[in-house]
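This report describes the fold of a protein chain and then turns to one of its elements. The sequence and the structure are shown first.

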Amino acid sequence: MAEPEKDQQPGSEIADPEREVGELVGRLTDSDELEPAERRRLLGRLARALSAGAKRARETGAGRGRWLADVFLNIAPRIPIRDLHTLAEHHHGLTGEELADDLVRTAQKATMTVGAIGGALAAAEFAAPPLLLSAPAQLVAETIVVAAIEVKLLAELHEVYGVRVQGSGTQRAVAFTAAWAKQRGIDPLAPASVSLALGAATKTALRNRLMRTLGRHLTTFGPFLTGAVAGGALNRMATKKLGEAVRNDLRVKRPLDPGPQRAVAERQTRDELDP
């Protein structure tokens with residue numbers, strides 16, 4: 001039997017998303033080649049899973065920005081981040097700037113697909129007003145998935161450029177989320193970069209960034225397929241802009257070191273020579 005609400009921590013009924021939310025976001029960000037039909041199905045499930053939390057947030061008077069930030073911080077540790085060796089394997093042996101280029105292109109394709117899927121669903125709902133009742137949850141689902149894809153991109157660009165972020169899995173996830181909110185890379189020489197990641201200013205930046213992403217997805221509510229085109233294009237441009245900003249930042253913080261790249265190549269050679 002569930003504990004009475006009075007025994008819960010304040011806000012815990014909206015701060016902890018259902019396990020399904022984390023699992024679905026993990027699946028939606030884990031594969032570079034997820035089929036559009038499967039992505040559409042998973043987005044629908046995610047919207048339904050989020051609807052209960054959104055309703056509780058409204059009932060308790062929590063602002064949408066705060067609720068979105070709470071949900072995202074809870075699922076951030078479940079975003080799958082690949083190390084340098086795995087990235088090279090998954091991207092046909094690419095390294096350095098070529099690997100970074102491919103990561104940004106892949107993330108652009110993924111966020112563009114999410115925007116297009118959301119726009120297509122919204123176009124169908126536009127012709128059937130009663131279905132618009134599901135629109136808020138759909139927009140939240142799109143926003144969270146796009147944010148997760150971009151946080152994954154940012155984290156993996158740190159791997160490519162050899163900028164190692166110390167800390168536990170949860171600490172690193174929070175640090176990458178904070179960097180995404182500020183649209184910049186993490187300074188590896190700043191010892192407080194992880195420990196201060198959840199400061200009040202960072203939480204405000206995260207809420208603002210999520211709300212801007214949510215506002216971008218409001219453009220999907222147009223007739224026919226105009227929403228699909230707009231949603232996909234805006235997501236693609238925003239992800240490209242993020243990739244460029246983070247890469248420029250990381251190049252200044254720590255230029256590409258050939259050492260890690262050589263290590264990847266040597267490990268691949270050993271794997272090929274093993275019987």
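This is a predicted model: local features need pLDDT of at least 70, side-chain atom pairs count only at pLDDT 80 or more; totals for chains, interfaces and linings use all residues.

## Contacts and overall fold

Residues are numbered from 1 along each chain as its sequence is written, and side-chain values use heavy atoms, with hydrogens and water left out.

The protein chain holds eleven helices and zero strands; helices (H or I, at least four residues) and strands (E, at least two) are DSSP runs, numbered from the N terminus.

## Burial and surface

Of the 275 residues in the protein chain, 46% are buried, a term for under 20% relative accessible area with a 1.4 Å probe, protein chains only.

## Helix H9

Helix H9 comprises 18 residues, 200-217, and reaches 26 Å from its first C-alpha to its last, close to the expected 26 Å, where the expected span is 1.5 Å times one less than the number of residues. Buried residues of H9 include Ala-205, Leu-206, Arg-209 and Leu-210.

Thr-202 also lies in helix H9, and counts as buried because its relative accessibility is 8%. Its side chain is joined to that of Lys-182 by a polar contact of 3.4 Å; such a contact is a pair of N or O atoms within 3.5 Å, and within protein one must be able to donate a hydrogen and the other to accept it, while residues adjacent in sequence count only if both atoms are side-chain atoms.

Terms used:
Buried means under 20% relative accessible area, exposed over 50%, partly exposed in between (1.4 Å probe, protein chains only).
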